[in-house]
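Work through the following exercises with the sequence and the model open side by side.

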Amino acid sequence: MTKDLFAHAGAREQAAAMPLAARMRPRRLDEFSGHSDLVGPGAPLRTALERDEMWSVVLWGSPGTGKTSLARIAAAMTERRFVELSAVSATVRDVRGVIAQAASERDMYRKRTLVFLDEIHRFNKAQQDVLLPAVEDGVIALWGATTENPYFELNAPLLSRMRVLRLQPLEAGDLRAIVRRALDSEDGLGENAPRFDDEAVEQAVAASGGDARVALNWIESATAFARERGLDCVTAGVATEAALTRQVRYDRAADEHYDTISAYIKSVRGSDPDAALFWLAKMLEGGEAPEFMARRIVILASEDIGNADPHALPLAVAAASAVERLGLPEARYALAQATIYLAAAPKSNAAGRALGAAEQAIRRGANLEVPLHLRGAAHPGLAEAHGQSVGYRYPHDFPGNWVPQKYMPGRQRFYDGRGGGEERELWQRLQKRGARPPTAGSDPDLP
């Protein structure tokens, strides 16, 4: 009896020493916050687990969305042995040992096993192949967790035998409930913890970026700061004084990188400078290479603005040059200046569409022969014997520096002048010259 009491006391002390995020890990689906589309009442995964049905799944989501907790809960609900491995440290030998043990447990004791492989994307293709027979034969239920796109990172044969479950960052309401539970629960900060006012709670929610672990670490750090100073209440001002800064979830080679630059490009294209600056700031805060942003700005200047504002490209090139010459942090101003200018500029993709139409015409078999009067005649014999350059009319010899003349085979039209700003003036100038018949291209006034 005495031994049991000491063991119980030791377990309580050990639990109290754990980080708050570990102590507050949910143990049942009813305690699990968020992802109601997967584990809410009547949701597919919850229904399957309640029926003792187990899938092999890939949990795809950003940190702090509950991937590990959900796997532990699934194992408990289906009474499976839970084995956790990390793809960072586990070897093929480790995996084979776990599979062999799972097969033995199944055959001897009818005990089933759920293997949770954290950061499964870090296993190379050969390592992933080791898992395939065990998953296919049902020796183990494999739950892999990843922050990367599994459709790019996992072998197709393994992925085809697993269900991909996307865990989105937690909503503010879910995070608020998690924080409140940590403040009120015996397993949380405890009754002797300082009180958090509503603004401090909201600051924790906002600072978390959808990551429950960050939110819990945030209030744990604020609590320690308040205790050191003898404060009985944590306000937003106290948290600010504690220098608790928001962690920006970002990567420079995976989904956050590509998704954020996509949002930035679409914001500039959509003429929303505020949104464009917001995504630019996220990239800067996340440590994105400024040279990468500068390259995208130069591309945007031609791809989405073009001749609607011919000044956009020189400005973008100048910004890229400033990034190269100055580096961060000073280059931030050039990136912001170019971002605002490009977002506010009139838009046109006429140049890119016209070039694409010309390329398509070539692929479809357009005549590529250069007309004789346009060919070079570096040797007099070429003109005399073959007619090269004969009949060419030099535009500068005519009024307005223009003369009607055929410049390619056939009568093909690629440029339609559709765009805003100076693109319209360019198109109208071509129409007035008579360089293009009125029926050429599309009506530039169409939306």
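**Exercise 1. Determine which residues of α6 meet which residues of α7, and how the two helices are oriented.**

Solution. On the α6 side, Val92, Val95, Arg96, Ile99 and Arg106 meet Gln127, Val130, Leu131, Ala134 and Asp137 of α7, where contact means heavy atoms within 4.5 Å. By class, this contact of α6 with α7 has 6 nonpolar, 1 polar and 3 charged residues; Ala, Val, Leu, Ile, Met, Phe, Trp, Tyr, Cys and Pro count as nonpolar, Asp, Glu, Lys and Arg as charged, and the others, Gly among them, as polar. For the geometry, the axes of α6 (residues 92-109) and α7 (residues 125-137) come within 9 Å and cross at roughly 10 degrees, which makes α6 roughly parallel to α7 (angles under 35 degrees count as roughly parallel). The axes are lines fitted to C-alpha atoms over the stretch in contact, and angles run from 0 to 180 degrees between N-to-C directions. Helices (H or I, at least four residues) and strands (E, at least two) are DSSP runs, numbered from the N terminus.

The model is predicted, so local features need pLDDT of at least 70 and side-chain atom pairs count only at pLDDT 80 or more, while totals for chains, interfaces and linings use all residues. Residues are numbered from 1 along each chain as its sequence is written, and side-chain values use heavy atoms, with hydrogens and water left out.

**Exercise 2. Locate the salt bridge of arginine 72 and state how exposed its partners are.**

Solution. Arginine 72 forms one with glutamate 84, the closest N and O atoms being 3.0 Å apart. The pair links helix α5 (residues 67-77) to strand β2 (residues 81-86), its residues lying 12 apart. Arginine 72, at 36% relative accessibility, counts as partly exposed, and glutamate 84, at 38%, also counts as partly exposed (buried means under 20% relative accessible area, exposed over 50%, partly exposed in between, with a 1.4 Å probe and protein chains only).

**Exercise 3. Find what aspartate 198 and arginine 180 tie together.**

Solution. Their side chains meet in a salt bridge of 2.7 Å, N to O. Aspartate 198 lies in helix α11 (residues 198-208) and arginine 180 in helix α10 (residues 172-184), so the pair ties together parts that are 18 residues apart in sequence. Aspartate 198 counts as exposed at 54% relative accessibility, whereas arginine 180 is partly exposed at 30%.

Notes. Parallel < 35°, antiparallel > 145°, perpendicular 65-115°, else oblique. Salt bridge = Lys/Arg side-chain N within 4 Å of Asp/Glu carboxyl O.
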